Amino acid sequence: HWAWDRRWPRWSDWRDGVARLPDPVREWRGLQALASIGLNGPRPLRLLTDGTPQSPRAAIVMSAVPVSQSLTDMAQCGDLHQLDTFARRSLAVTLMQVANRIHQHGLRWRSMKAKHVYPQRLADDRWRLWLIDCEGIR
């Protein structure tokens, strides 16, 4: 993950105090915020910046999530449709619980999309969700 600073920050970036931070720094903070409320994401291993944390160049090294398909991938290839009704309901409930947890802790996620959610099926049709692309968490 390597990015240059946005040339013209969004108003919400100014409001949230991240206007001049590169995306990898935002990603680092977002992953830490998720972990602090007990949600799963890649483990941030190293944040590299060119100078200060407000530098226009930065990179983040992180672990991979242990699942290969996003929720979007599952829907597009038919795996989601092949789940039995109970498993689909369980997945929907887990998705709702994650969204509620984010909201209850006063966080917002600009990029909460199916392509950023990686469901891992556990025993008894329970699910663990892995979340990626977290630089939009505030």
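Does aspartate 124 count as buried or exposed? Aspartate 124 counts as exposed, because its relative accessibility is 68%; the term exposed denotes over 50% relative accessible area, buried denotes under 20%, and partly exposed lies in between, with a 1.4 Å probe and protein chains only. The model is a predicted one, in which local features need pLDDT of at least 70 and side-chain atom pairs count only at pLDDT 80 or more, whereas totals for chains, interfaces and linings use all residues. Residues are numbered from 1 along each chain as its sequence is written, and side-chain values use heavy atoms, with hydrogens and water left out.

The overall architecture may be taken next. The protein contains 5 helices and 5 strands, where helices (H or I, at least four residues) and strands (E, at least two) are DSSP runs numbered from the N terminus. Along the sequence these elements follow the order β-α-α-β-β-α-α-α-β-β. The C-alpha trace spans about 50 × 25 × 25 Å along its principal axes. Of the 138 residues, 40% count as buried. Contact here means heavy atoms within 4.5 Å; among contacts between residues at least 6 apart in sequence, 58% join residues at least 24 apart.

The interior can be approached through its nonpolar residues. In soluble globular proteins, nonpolar side chains tend to be buried together. A nonpolar core is defined as a set of buried Ala, Val, Leu, Ile, Met, Phe, Trp, Tyr and Cys residues joined through side-chain atoms within 4.5 Å. The largest such core in this protein has 22 residues, and those with the most contacts inside it are Leu39, Ile102, Leu131 and Ile137. At least two residues of this core come from each of α2 (23-36), α3 (71-77), α5 (85-104) and β5 (127-131). Leucine 39 illustrates the packing: apart from neighbours within four places in sequence, leucine 39 is in contact with Leu34, Val98, Arg101, Ile102 and Leu131.

Isoleucine 60 belongs to strand β3 (residues 57-62) and is classed as buried because its relative accessibility is 4%. The C-alpha atom of isoleucine 60 is separated by 5.8 Å from that of arginine 46, a residue 14 places away along the chain. Leucine 48 lies in strand β2 (residues 44-49) and, with a relative accessible area of 38%, is therefore partly exposed. Together with Leu45 and Val61, Leu48 makes a nonpolar surface patch of about 230 Å². Patches are made of residues with over 30% relative accessible area and no salt bridge, like charges being joined within 9 Å and nonpolar side chains (Val, Leu, Ile, Met, Phe, Trp, Tyr) within 5 Å. Accessible areas come from the Shrake-Rupley method with a 1.4 Å probe, and for residues only the protein chains shown count as cover. The protein as a whole exposes about 8300 Å², of which carbon and sulfur atoms supply 52%.

The loop between β4 (117-121) and β5 contains aspartate 124, and aspartate 125 has its place in the loop between β4 and β5 as well. Most residues other than glycine have a negative phi. Aspartate 125 is buried, because its relative accessible area is 17%. Not counting residues up to four places away in sequence, aspartate 125 touches Asp84, Phe86, Ala87 and Ser90.

Side chains of opposite charge can pair when their charged atoms come close. A salt bridge is a side-chain nitrogen of Lys or Arg within 4 Å of a carboxyl oxygen of Asp or Glu, and the count by this rule is 1. Arginine 121 forms a salt bridge with aspartate 125, the closest N and O atoms being 2.2 Å apart. Arginine 121 is partly exposed, with a relative accessible area of 41%.

The segment after β5 includes arginine 138, which is buried because its relative accessible area is 16%. Beyond neighbours within four places in sequence, arginine 138 is in contact with several residues, among them Asp13, Asp16 and Arg26.
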